Amino acid sequence: MRRHVAAFLFVLLAIPPLVHAEEPVDWQAIARIKQEGFGNSRVMEIASYLTDVYGPRLTGSPNLRAASEWARDRFKEWGLANARLEPWGTFGRGWSVERFSIEMLEPQYMPIIAYPKAWTPGTNGPVTGQPVVVTLRSEEDFAAYKGKLQGAIVMLQPPRQAVTRFEPDARRHSEEDLKRLAQAPEPGARSPMEAQREELRAQRALQEKIARFLRDEGVAVVLEPSRGEHGTIFVTGGGSYRANAEPTVPWMVVAIEHYARIARLLEKKIPVKLEVNIRTRFHDEDLQGYNVLAEIPGVDPKLKDEIVMLGAHLDSWHAGTGATDNAAGSAVVMEAVRILKAIGIQPRRTIRVALWTGEEQGLLGSRAYVEKYFGNPRTMELKPDHAKISAYFNLDNGTGRIRGIYLQGNDAVRPIFEAWLRPFHDLGATTVTIRGTGGTDHLAFDAVGIPAFQFIQDPIDYSTRTHHTNMDVYDRLLPGDLMQAAVIMASFVYHAAMREEKLPRKPLPKPQPGPSVPQQE
(Lines give C-alpha, C1' and ligand atoms only; values in the text may rest on other atoms or scores of the structure.)
Protein backbone atom coordinates (compact mmCIF):
# COMPACT_ATOMS: atom_id res chain seq x y z
CA MET A 1 0.00 0.00 0.00
CA ARG A 2 2.78 2.43 0.91
CA ARG A 3 4.54 1.67 -2.37
CA HIS A 4 1.31 2.45 -4.31
CA VAL A 5 0.77 5.71 -2.41
CA ALA A 6 4.39 6.74 -2.97
CA ALA A 7 4.10 5.97 -6.70
CA PHE A 8 0.85 7.92 -6.95
CA LEU A 9 2.40 10.94 -5.22
CA PHE A 10 5.44 10.77 -7.49
CA VAL A 11 3.23 10.81 -10.60
CA LEU A 12 1.07 13.62 -9.17
CA LEU A 13 4.08 15.80 -8.43
CA ALA A 14 5.51 15.15 -11.89
CA ILE A 15 2.41 16.61 -13.59
CA PRO A 16 2.86 20.34 -14.27
CA PRO A 17 0.23 22.50 -12.61
CA LEU A 18 -2.62 23.53 -14.87
CA VAL A 19 -3.32 26.74 -12.94
CA HIS A 20 -0.67 29.34 -12.18
CA ALA A 21 -0.28 30.52 -8.60
CA GLU A 22 -2.07 33.78 -7.90
CA GLU A 23 0.13 36.81 -8.58
CA PRO A 24 0.95 38.35 -5.18
CA VAL A 25 -0.33 41.84 -4.43
CA ASP A 26 1.15 44.00 -1.67
CA TRP A 27 -2.01 45.47 -0.14
CA GLN A 28 -0.12 47.36 2.54
CA ALA A 29 2.04 49.11 -0.04
CA ILE A 30 -1.07 49.95 -2.08
CA ALA A 31 -2.69 51.47 1.00
CA ARG A 32 0.33 53.70 1.51
CA ILE A 33 0.41 54.64 -2.19
CA LYS A 34 -3.30 55.58 -2.05
CA GLN A 35 -2.85 57.57 1.16
CA GLU A 36 -0.01 59.63 -0.33
CA GLY A 37 -1.50 59.90 -3.82
CA PHE A 38 -4.98 60.96 -2.69
CA GLY A 39 -4.13 62.75 0.56
CA ASN A 40 -1.00 64.68 -0.45
CA SER A 41 -1.27 64.84 -4.24
CA ARG A 42 0.91 67.28 -6.15
CA VAL A 43 -0.12 66.16 -9.61
CA MET A 44 -2.05 69.35 -10.43
CA GLU A 45 0.75 71.54 -9.12
CA ILE A 46 3.14 69.70 -11.44
CA ALA A 47 0.72 70.04 -14.35
CA SER A 48 0.28 73.78 -13.70
CA TYR A 49 4.02 74.40 -13.84
CA LEU A 50 4.35 72.45 -17.11
CA THR A 51 1.42 74.28 -18.73
CA ASP A 52 0.81 77.68 -17.10
CA VAL A 53 4.42 78.53 -16.26
CA TYR A 54 6.34 76.95 -19.16
CA GLY A 55 3.54 76.96 -21.72
CA PRO A 56 3.69 75.13 -25.06
CA ARG A 57 6.72 72.83 -25.28
CA LEU A 58 7.52 72.33 -28.95
CA THR A 59 10.57 70.11 -29.41
CA GLY A 60 13.70 72.23 -29.75
CA SER A 61 12.08 75.34 -28.26
CA PRO A 62 13.34 77.34 -25.26
CA ASN A 63 10.07 76.53 -23.48
CA LEU A 64 10.73 72.80 -23.68
CA ARG A 65 14.28 73.23 -22.45
CA ALA A 66 13.08 75.26 -19.45
CA ALA A 67 10.34 72.71 -18.62
CA SER A 68 12.87 69.87 -18.91
CA GLU A 69 15.27 71.57 -16.52
CA TRP A 70 12.42 72.23 -14.08
CA ALA A 71 11.38 68.53 -14.17
CA ARG A 72 15.00 67.42 -13.66
CA ASP A 73 15.32 69.72 -10.66
CA ARG A 74 12.08 68.35 -9.14
CA PHE A 75 13.42 64.80 -9.46
CA LYS A 76 16.55 65.90 -7.59
CA GLU A 77 14.47 67.67 -4.96
CA TRP A 78 12.43 64.49 -4.35
CA GLY A 79 15.61 62.45 -3.86
CA LEU A 80 15.81 60.54 -7.15
CA ALA A 81 19.27 59.59 -8.41
CA ASN A 82 20.98 60.39 -11.71
CA ALA A 83 18.46 63.11 -12.62
CA ARG A 84 19.66 64.52 -15.92
CA LEU A 85 18.93 65.85 -19.38
CA GLU A 86 20.32 63.25 -21.76
CA PRO A 87 20.93 64.13 -25.42
CA TRP A 88 19.42 61.63 -27.84
CA GLY A 89 20.68 62.96 -31.16
CA THR A 90 20.33 65.76 -33.66
CA PHE A 91 16.78 67.05 -33.85
CA GLY A 92 16.99 70.32 -35.73
CA ARG A 93 15.75 73.85 -35.30
CA GLY A 94 13.47 74.97 -32.54
CA TRP A 95 10.63 77.36 -33.32
CA SER A 96 8.42 79.76 -31.39
CA VAL A 97 5.79 82.44 -31.98
CA GLU A 98 6.73 85.94 -30.86
CA ARG A 99 3.42 87.56 -31.85
CA PHE A 100 0.72 87.39 -34.49
CA SER A 101 -2.59 88.91 -35.46
CA ILE A 102 -5.11 88.43 -38.24
CA GLU A 103 -8.03 90.81 -38.73
CA MET A 104 -10.77 91.52 -41.21
CA LEU A 105 -10.73 95.28 -41.88
CA GLU A 106 -13.50 95.44 -44.50
CA PRO A 107 -16.48 95.27 -44.97
CA GLN A 108 -16.54 95.40 -41.14
CA TYR A 109 -13.86 94.91 -38.55
CA MET A 110 -13.55 91.40 -37.10
CA PRO A 111 -10.65 89.88 -35.12
CA ILE A 112 -10.07 86.40 -36.52
CA ILE A 113 -9.28 83.31 -34.45
CA ALA A 114 -6.28 81.61 -36.04
CA TYR A 115 -2.84 80.18 -35.21
CA PRO A 116 0.35 79.84 -37.27
CA LYS A 117 1.55 76.36 -38.18
CA ALA A 118 4.79 75.32 -36.49
CA TRP A 119 8.08 75.84 -38.33
CA THR A 120 6.57 78.33 -40.77
CA PRO A 121 8.10 81.80 -41.17
CA GLY A 122 6.62 85.16 -40.29
CA THR A 123 5.29 87.73 -42.75
CA ASN A 124 8.08 90.25 -42.19
CA GLY A 125 5.53 92.92 -41.33
CA PRO A 126 1.80 93.35 -42.00
CA VAL A 127 0.34 91.88 -45.18
CA THR A 128 -2.88 93.56 -46.35
CA GLY A 129 -5.18 92.59 -49.19
CA GLN A 130 -8.20 90.69 -50.43
CA PRO A 131 -7.88 86.92 -49.98
CA VAL A 132 -8.13 84.52 -52.92
CA VAL A 133 -9.84 81.13 -52.58
CA VAL A 134 -7.66 78.45 -54.20
CA THR A 135 -8.66 74.80 -54.61
CA LEU A 136 -5.75 72.36 -54.94
CA ARG A 137 -6.89 68.75 -54.67
CA SER A 138 -4.14 67.30 -56.88
CA GLU A 139 -1.08 68.36 -58.86
CA GLU A 140 -3.30 68.76 -61.93
CA ASP A 141 -4.89 71.81 -60.25
CA PHE A 142 -1.59 73.72 -60.11
CA ALA A 143 -1.74 74.88 -63.74
CA ALA A 144 -4.90 76.97 -63.23
CA TYR A 145 -3.11 79.20 -60.68
CA LYS A 146 0.41 79.38 -62.09
CA GLY A 147 1.64 82.97 -62.30
CA LYS A 148 -1.44 84.39 -60.54
CA LEU A 149 -0.63 84.24 -56.82
CA GLN A 150 2.36 86.54 -56.32
CA GLY A 151 1.92 88.38 -52.99
CA ALA A 152 -1.56 86.89 -52.44
CA ILE A 153 -3.34 85.94 -49.23
CA VAL A 154 -4.49 82.45 -50.21
CA MET A 155 -7.47 80.67 -48.69
CA LEU A 156 -6.43 77.12 -49.52
CA GLN A 157 -9.79 75.35 -49.50
CA PRO A 158 -13.47 76.16 -49.95
CA PRO A 159 -15.22 76.40 -46.57
CA ARG A 160 -16.78 73.32 -45.10
CA GLN A 161 -20.11 73.42 -43.31
CA ALA A 162 -19.78 73.81 -39.55
CA VAL A 163 -21.67 71.00 -37.82
CA THR A 164 -23.99 71.34 -34.84
CA ARG A 165 -23.50 68.22 -32.73
CA PHE A 166 -26.10 66.85 -30.36
CA GLU A 167 -23.72 64.50 -28.55
CA PRO A 168 -21.47 65.77 -25.74
CA ASP A 169 -17.84 66.51 -26.60
CA ALA A 170 -16.65 64.62 -23.53
CA ARG A 171 -17.51 61.06 -22.51
CA ARG A 172 -16.29 58.19 -20.39
CA HIS A 173 -16.04 54.57 -21.46
CA SER A 174 -19.31 52.78 -20.78
CA GLU A 175 -19.42 49.20 -19.55
CA GLU A 176 -20.40 48.18 -23.09
CA ASP A 177 -17.34 50.03 -24.48
CA LEU A 178 -15.05 48.19 -22.08
CA LYS A 179 -16.61 44.79 -22.85
CA ARG A 180 -16.04 45.35 -26.57
CA LEU A 181 -12.49 46.52 -25.91
CA ALA A 182 -11.77 43.41 -23.84
CA GLN A 183 -12.59 41.16 -26.81
CA ALA A 184 -9.76 40.11 -29.10
CA PRO A 185 -9.87 41.66 -32.59
CA GLU A 186 -11.24 39.61 -35.47
CA PRO A 187 -8.47 37.26 -36.70
CA GLY A 188 -6.97 38.52 -39.93
CA ALA A 189 -8.86 41.81 -39.78
CA ARG A 190 -6.94 44.82 -41.04
CA SER A 191 -6.25 47.40 -38.37
CA PRO A 192 -8.05 50.71 -38.97
CA MET A 193 -4.78 52.34 -37.93
CA GLU A 194 -2.99 50.77 -40.92
CA ALA A 195 -5.48 52.24 -43.38
CA GLN A 196 -5.26 55.59 -41.63
CA ARG A 197 -1.45 55.58 -41.84
CA GLU A 198 -1.58 54.95 -45.59
CA GLU A 199 -4.06 57.78 -46.09
CA LEU A 200 -1.96 60.14 -43.97
CA ARG A 201 1.19 59.31 -45.97
CA ALA A 202 -0.61 60.17 -49.22
CA GLN A 203 -2.00 63.41 -47.76
CA ARG A 204 1.42 64.42 -46.44
CA ALA A 205 3.07 63.86 -49.83
CA LEU A 206 0.46 66.04 -51.58
CA GLN A 207 0.71 68.70 -48.85
CA GLU A 208 4.47 68.97 -49.40
CA LYS A 209 3.97 69.47 -53.14
CA ILE A 210 1.29 72.10 -52.53
CA ALA A 211 3.52 73.97 -50.08
CA ARG A 212 6.40 73.95 -52.58
CA PHE A 213 4.12 75.22 -55.38
CA LEU A 214 2.75 78.08 -53.25
CA ARG A 215 6.26 79.08 -52.17
CA ASP A 216 7.51 79.09 -55.75
CA GLU A 217 4.53 81.22 -56.79
CA GLY A 218 5.44 83.86 -54.20
CA VAL A 219 2.32 83.58 -52.03
CA ALA A 220 2.40 86.02 -49.08
CA VAL A 221 0.44 83.92 -46.56
CA VAL A 222 -1.74 80.79 -46.61
CA LEU A 223 -4.96 80.35 -44.62
CA GLU A 224 -6.71 77.02 -44.15
CA PRO A 225 -9.85 76.11 -42.17
CA SER A 226 -9.62 74.19 -38.92
CA ARG A 227 -11.37 70.84 -38.67
CA GLY A 228 -12.84 71.87 -35.31
CA GLU A 229 -15.88 73.95 -34.44
CA HIS A 230 -16.63 76.62 -31.82
CA GLY A 231 -13.32 78.39 -32.33
CA THR A 232 -11.26 75.24 -31.69
CA ILE A 233 -8.13 75.22 -33.86
CA PHE A 234 -6.44 71.90 -34.66
CA VAL A 235 -2.92 72.92 -35.68
CA THR A 236 0.44 71.16 -35.87
CA GLY A 237 3.36 71.69 -38.23
CA GLY A 238 3.56 73.36 -41.63
CA GLY A 239 7.30 73.43 -42.21
CA SER A 240 10.37 71.35 -41.48
CA TYR A 241 12.48 71.50 -38.33
CA ARG A 242 15.57 70.17 -40.15
CA ALA A 243 18.50 72.56 -40.15
CA ASN A 244 18.90 72.49 -43.94
CA ALA A 245 15.17 72.44 -44.77
CA GLU A 246 13.70 74.29 -47.72
CA PRO A 247 11.85 77.48 -46.70
CA THR A 248 8.08 77.49 -46.80
CA VAL A 249 5.45 80.25 -46.66
CA PRO A 250 3.68 81.81 -43.65
CA TRP A 251 0.74 79.51 -42.91
CA MET A 252 -2.20 79.81 -40.51
CA VAL A 253 -5.14 77.62 -39.50
CA VAL A 254 -8.36 79.63 -39.09
CA ALA A 255 -11.50 78.95 -37.04
CA ILE A 256 -14.05 77.44 -39.42
CA GLU A 257 -16.74 79.96 -38.48
CA HIS A 258 -14.53 82.95 -39.37
CA TYR A 259 -13.10 81.27 -42.45
CA ALA A 260 -16.58 80.48 -43.74
CA ARG A 261 -17.84 84.04 -43.23
CA ILE A 262 -14.97 85.43 -45.32
CA ALA A 263 -15.60 82.86 -48.06
CA ARG A 264 -19.34 83.66 -48.16
CA LEU A 265 -18.60 87.38 -48.53
CA LEU A 266 -16.23 86.68 -51.43
CA GLU A 267 -18.83 84.44 -53.07
CA LYS A 268 -21.27 87.38 -52.94
CA LYS A 269 -18.63 89.57 -54.69
CA ILE A 270 -18.36 91.78 -51.59
CA PRO A 271 -14.77 93.05 -51.20
CA VAL A 272 -12.93 91.77 -48.15
CA LYS A 273 -9.72 93.24 -46.79
CA LEU A 274 -7.57 91.24 -44.37
CA GLU A 275 -4.45 92.22 -42.48
CA VAL A 276 -2.08 89.46 -41.35
CA ASN A 277 1.01 90.06 -39.25
CA ILE A 278 3.07 87.08 -38.02
CA ARG A 279 6.40 87.13 -36.22
CA THR A 280 7.98 83.74 -35.57
CA ARG A 281 11.49 82.73 -34.62
CA PHE A 282 13.70 79.77 -35.42
CA HIS A 283 16.16 78.57 -32.76
CA ASP A 284 19.32 76.92 -34.06
CA GLU A 285 21.69 77.53 -31.13
CA ASP A 286 21.42 73.86 -30.08
CA LEU A 287 20.17 71.30 -32.59
CA GLN A 288 20.23 68.40 -30.12
CA GLY A 289 17.16 66.74 -28.63
CA TYR A 290 17.08 65.85 -24.91
CA ASN A 291 15.14 63.39 -22.74
CA VAL A 292 14.75 63.85 -18.98
CA LEU A 293 15.72 60.79 -16.90
CA ALA A 294 15.98 59.91 -13.21
CA GLU A 295 16.02 56.77 -11.03
CA ILE A 296 15.06 55.19 -7.75
CA PRO A 297 17.96 52.73 -7.40
CA GLY A 298 17.24 49.09 -6.69
CA VAL A 299 18.51 47.58 -3.43
CA ASP A 300 18.43 43.81 -4.06
CA PRO A 301 22.02 42.71 -4.83
CA LYS A 302 20.72 40.15 -7.34
CA LEU A 303 18.15 42.40 -9.07
CA LYS A 304 19.30 46.01 -8.71
CA ASP A 305 20.85 46.00 -12.21
CA GLU A 306 17.45 45.16 -13.67
CA ILE A 307 15.13 48.03 -14.67
CA VAL A 308 11.45 48.89 -14.59
CA MET A 309 10.62 52.01 -16.60
CA LEU A 310 7.72 54.43 -16.72
CA GLY A 311 7.40 57.42 -18.99
CA ALA A 312 5.43 59.97 -20.95
CA HIS A 313 6.31 62.56 -23.56
CA LEU A 314 6.98 66.10 -22.39
CA ASP A 315 6.90 67.86 -25.75
CA SER A 316 3.69 69.36 -27.14
CA TRP A 317 2.32 71.45 -29.97
CA HIS A 318 2.12 75.21 -29.68
CA ALA A 319 -1.42 76.60 -29.92
CA GLY A 320 -2.45 75.62 -26.36
CA THR A 321 -0.15 74.80 -23.45
CA GLY A 322 0.10 71.05 -24.07
CA ALA A 323 -2.08 70.05 -21.11
CA THR A 324 -3.85 66.83 -22.13
CA ASP A 325 -1.13 66.11 -24.68
CA ASN A 326 0.90 65.50 -22.72
CA ALA A 327 1.48 67.45 -19.53
CA ALA A 328 -1.19 65.10 -18.13
CA GLY A 329 0.95 62.00 -18.71
CA SER A 330 4.16 63.75 -17.66
CA ALA A 331 2.57 65.00 -14.43
CA VAL A 332 1.21 61.51 -13.69
CA VAL A 333 4.57 59.74 -14.09
CA MET A 334 6.34 62.46 -12.12
CA GLU A 335 3.73 62.16 -9.38
CA ALA A 336 4.02 58.36 -9.43
CA VAL A 337 7.75 58.42 -8.65
CA ARG A 338 7.23 61.22 -6.11
CA ILE A 339 4.69 59.01 -4.32
CA LEU A 340 7.09 56.07 -4.27
CA LYS A 341 9.90 58.20 -2.85
CA ALA A 342 7.57 59.84 -0.32
CA ILE A 343 6.46 56.52 1.16
CA GLY A 344 10.08 55.35 1.34
CA ILE A 345 9.95 52.24 -0.82
CA GLN A 346 13.13 50.22 -1.32
CA PRO A 347 12.61 48.61 -4.74
CA ARG A 348 14.42 45.40 -5.58
CA ARG A 349 14.91 46.54 -9.17
CA THR A 350 15.87 50.04 -10.28
CA ILE A 351 12.89 52.21 -11.25
CA ARG A 352 13.72 54.61 -14.07
CA VAL A 353 11.43 57.47 -15.11
CA ALA A 354 11.69 59.13 -18.54
CA LEU A 355 10.12 62.24 -20.04
CA TRP A 356 10.54 61.94 -23.79
CA THR A 357 10.85 64.66 -26.39
CA GLY A 358 10.31 64.57 -30.15
CA GLU A 359 7.30 62.30 -29.68
CA GLU A 360 5.11 64.54 -31.83
CA GLN A 361 7.61 64.26 -34.68
CA GLY A 362 7.67 60.45 -34.65
CA LEU A 363 8.66 59.08 -31.19
CA LEU A 364 12.16 60.42 -31.83
CA GLY A 365 13.41 60.62 -28.24
CA SER A 366 12.14 57.21 -27.11
CA ARG A 367 13.21 55.47 -30.32
CA ALA A 368 16.73 56.90 -30.05
CA TYR A 369 16.90 55.87 -26.37
CA VAL A 370 15.80 52.31 -27.12
CA GLU A 371 18.29 52.00 -29.96
CA LYS A 372 21.13 53.31 -27.78
CA TYR A 373 20.47 51.08 -24.77
CA PHE A 374 18.38 48.08 -25.84
CA GLY A 375 18.49 47.25 -29.53
CA ASN A 376 17.96 48.19 -33.15
CA PRO A 377 14.48 47.30 -34.48
CA ARG A 378 15.69 47.41 -38.09
CA THR A 379 18.29 44.66 -37.53
CA MET A 380 17.19 43.20 -34.16
CA GLU A 381 20.77 43.45 -32.94
CA LEU A 382 20.27 43.63 -29.17
CA LYS A 383 22.34 45.36 -26.48
CA PRO A 384 23.22 43.73 -23.12
CA ASP A 385 20.67 45.91 -21.25
CA HIS A 386 17.88 44.34 -23.33
CA ALA A 387 17.99 41.34 -20.99
CA LYS A 388 17.85 43.55 -17.90
CA ILE A 389 14.66 45.54 -18.47
CA SER A 390 11.47 44.05 -17.08
CA ALA A 391 8.83 46.41 -18.46
CA TYR A 392 7.98 49.90 -19.66
CA PHE A 393 4.68 51.63 -18.72
CA ASN A 394 3.43 54.67 -20.65
CA LEU A 395 0.68 57.28 -20.30
CA ASP A 396 -0.38 59.48 -23.22
CA ASN A 397 -4.11 59.58 -23.97
CA GLY A 398 -5.30 62.74 -22.28
CA THR A 399 -6.68 63.58 -18.86
CA GLY A 400 -9.03 60.59 -18.54
CA ARG A 401 -8.73 58.15 -15.66
CA ILE A 402 -7.22 54.70 -16.19
CA ARG A 403 -9.84 52.04 -16.98
CA GLY A 404 -7.46 49.16 -17.65
CA ILE A 405 -4.45 48.24 -19.73
CA TYR A 406 -3.59 47.02 -23.24
CA LEU A 407 -1.60 43.77 -23.24
CA GLN A 408 -0.10 44.70 -26.63
CA GLY A 409 -0.46 41.08 -27.72
CA ASN A 410 1.38 39.70 -24.66
CA ASP A 411 -1.14 37.23 -23.19
CA ALA A 412 1.38 35.87 -20.69
CA VAL A 413 1.06 39.01 -18.56
CA ARG A 414 -2.75 38.81 -18.39
CA PRO A 415 -3.01 37.06 -14.96
CA ILE A 416 -0.36 39.41 -13.57
CA PHE A 417 -2.15 42.58 -14.65
CA GLU A 418 -5.54 41.22 -13.63
CA ALA A 419 -4.17 40.75 -10.10
CA TRP A 420 -2.52 44.20 -10.07
CA LEU A 421 -5.75 45.89 -11.22
CA ARG A 422 -7.97 44.17 -8.65
CA PRO A 423 -7.26 46.73 -5.87
CA PHE A 424 -8.48 49.47 -8.23
CA HIS A 425 -11.77 47.98 -9.43
CA ASP A 426 -13.65 50.38 -7.17
CA LEU A 427 -11.85 53.23 -8.97
CA GLY A 428 -13.08 52.05 -12.37
CA ALA A 429 -9.91 50.25 -13.55
CA THR A 430 -11.08 46.75 -14.50
CA THR A 431 -10.29 45.95 -18.14
CA VAL A 432 -7.42 43.88 -19.52
CA THR A 433 -7.39 43.47 -23.29
CA ILE A 434 -5.11 41.55 -25.61
CA ARG A 435 -5.39 44.43 -28.05
CA GLY A 436 -2.56 46.83 -28.71
CA THR A 437 -2.64 50.57 -29.20
CA GLY A 438 -0.30 52.86 -31.07
CA GLY A 439 0.83 56.40 -31.62
CA THR A 440 2.98 56.81 -28.53
CA ASP A 441 6.29 55.94 -26.92
CA HIS A 442 5.67 52.37 -25.72
CA LEU A 443 5.92 51.33 -29.39
CA ALA A 444 9.66 52.08 -29.38
CA PHE A 445 10.16 49.43 -26.67
CA ASP A 446 7.68 46.95 -28.14
CA ALA A 447 9.54 47.12 -31.46
CA VAL A 448 12.54 45.32 -29.92
CA GLY A 449 10.52 42.82 -27.87
CA ILE A 450 10.50 44.59 -24.50
CA PRO A 451 7.21 44.26 -22.57
CA ALA A 452 5.74 47.74 -23.05
CA PHE A 453 2.25 48.91 -22.21
CA GLN A 454 -0.10 51.87 -22.53
CA PHE A 455 -3.03 52.18 -20.16
CA ILE A 456 -6.66 52.38 -21.31
CA GLN A 457 -8.02 55.83 -20.44
CA ASP A 458 -11.43 57.49 -20.58
CA PRO A 459 -11.47 59.59 -23.76
CA ILE A 460 -13.13 62.66 -22.16
CA ASP A 461 -12.86 65.38 -24.87
CA TYR A 462 -9.39 64.45 -26.09
CA SER A 463 -10.23 63.82 -29.75
CA THR A 464 -13.08 66.31 -29.99
CA ARG A 465 -11.66 69.35 -28.22
CA THR A 466 -8.09 69.25 -26.88
CA HIS A 467 -5.77 66.98 -28.90
CA HIS A 468 -3.40 69.32 -30.83
CA THR A 469 -5.65 72.36 -30.36
CA ASN A 470 -5.67 75.85 -28.85
CA MET A 471 -8.01 74.44 -26.17
CA ASP A 472 -5.36 72.06 -24.82
CA VAL A 473 -4.88 74.03 -21.62
CA TYR A 474 -4.72 73.41 -17.85
CA ASP A 475 -8.46 74.04 -17.42
CA ARG A 476 -9.23 70.88 -19.40
CA LEU A 477 -7.44 68.64 -16.87
CA LEU A 478 -9.49 66.59 -14.37
CA PRO A 479 -7.75 66.47 -10.96
CA GLY A 480 -9.43 63.30 -9.68
CA ASP A 481 -8.64 61.42 -12.88
CA LEU A 482 -4.95 62.34 -12.77
CA MET A 483 -4.70 61.39 -9.08
CA GLN A 484 -6.23 57.98 -9.85
CA ALA A 485 -3.85 57.46 -12.77
CA ALA A 486 -0.77 58.38 -10.71
CA VAL A 487 -1.73 55.96 -7.92
CA ILE A 488 -2.31 53.08 -10.37
CA MET A 489 0.90 53.76 -12.25
CA ALA A 490 2.86 53.91 -8.98
CA SER A 491 1.37 50.58 -7.93
CA PHE A 492 2.13 48.85 -11.25
CA VAL A 493 5.72 50.10 -11.24
CA TYR A 494 6.17 49.11 -7.59
CA HIS A 495 4.91 45.56 -8.15
CA ALA A 496 7.01 45.12 -11.29
CA ALA A 497 10.08 46.25 -9.35
CA MET A 498 9.39 43.88 -6.43
CA ARG A 499 8.27 40.62 -8.09
CA GLU A 500 10.62 37.61 -8.21
CA GLU A 501 10.84 37.45 -12.01
CA LYS A 502 10.82 39.99 -14.78
CA LEU A 503 7.57 40.22 -16.73
CA PRO A 504 7.19 37.51 -19.39
CA ARG A 505 7.97 38.48 -22.98
CA LYS A 506 6.51 37.85 -26.39
CA PRO A 507 8.71 36.21 -29.03
CA LEU A 508 11.17 38.69 -30.49
CA PRO A 509 9.79 40.56 -33.49
CA LYS A 510 11.35 40.28 -36.92
CA PRO A 511 13.60 43.11 -38.14
CA GLN A 512 11.56 46.08 -39.31
CA PRO A 513 13.16 47.97 -42.22
CA GLY A 514 12.68 51.70 -41.93
CA PRO A 515 14.44 55.04 -41.47
CA SER A 516 17.09 55.32 -38.79
CA VAL A 517 16.55 57.52 -35.75
CA PRO A 518 18.71 60.57 -35.01
CA GLN A 519 21.98 59.66 -33.37
CA GLN A 520 23.84 61.62 -30.73
CA GLU A 521 26.72 63.63 -32.13
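**Rings, spaces and overall form**

The charged end of Arg 65 sits over the ring of Tyr 290, at 4.8 Å from the ring centre, where sitting over a ring asks that NZ of Lys or CZ of Arg be within 6 Å of the ring centre and within 35 degrees of the ring normal. Arg 227 has its charged end over the ring of Phe 234, 3.7 Å from the centre. The model is a predicted one, in which local features need pLDDT of at least 70 and side-chain atom pairs count only at pLDDT 80 or more, while totals for chains, interfaces and linings use all residues. Residues are numbered from 1 along each chain as its sequence is written, and side-chain values use heavy atoms, with hydrogens and water left out.

Trp 420 and Phe 492 form an edge-to-face pair, 5.4 Å centre to centre with 85° between the planes. Because Trp 420 lies in helix α10 (residues 414-421) and Phe 492 in helix α13 (residues 479-498), this pair ties together parts that are 72 residues apart in sequence. Both Trp 420 and Phe 492 are buried, buried meaning under 20% relative accessible area, exposed over 50% and partly exposed in between (1.4 Å probe, protein chains only). Elsewhere, ring pairs link Trp 356, Tyr 369, Tyr 373, Phe 374, Tyr 392 and Phe 445 into a cluster.

The structure holds two cavities of 30 Å³ or more, a cavity being a set of points, on a 1 Å grid over the protein atoms alone, where a 1.4 Å probe fits but cannot get out, and lining residues having an atom within 4 Å of a point. Grid points are joined across faces, edges and corners, and a volume is the space filled by probe spheres set on the points. The largest cavity has a volume of about 50 Å³, and its lining includes Trp 317, His 318, Asp 325, His 468 and Asp 472. That lining has three nonpolar, six polar and two charged residues, where Ala, Val, Leu, Ile, Met, Phe, Trp, Tyr, Cys and Pro count as nonpolar, Asp, Glu, Lys and Arg as charged, and the others, Gly among them, as polar. The second largest cavity holds about 30 Å³, and among the residues that line it are Leu 407, Asp 446, Phe 453 and Lys 506; its lining divides into five nonpolar, three polar and two charged residues.

For the chain as a whole, the secondary structure comes to 13 helices and 19 strands, which are DSSP runs numbered from the N terminus (helices H or I, at least four residues; strands E, at least two). Of the 521 residues of the protein chain, 52% count as buried. Helix α8 (residues 323-342) is mostly covered, with 18 of its 20 residues buried, and just after α8, Gly 344 takes a positive phi of about 75°. Glu 208, in helix α6 (residues 192-216), counts as partly exposed at 47% relative accessibility. The C-alpha atoms of Glu 208 and Ile 351, 143 residues apart along the chain, are separated by 43 Å.

Notes: Rings of Phe, Tyr and Trp (its six-membered ring) pair if their centres lie within 6.5 Å; planes under 30 degrees apart count as stacked, over 60 as edge-to-face and the rest as tilted. On a 1 Å grid over the protein atoms alone, a cavity is a set of points where a 1.4 Å probe fits but cannot get out, and a pocket is an open set with protein on both sides within 12 Å along at least five of seven lines; lining residues have an atom within 4 Å of a point.
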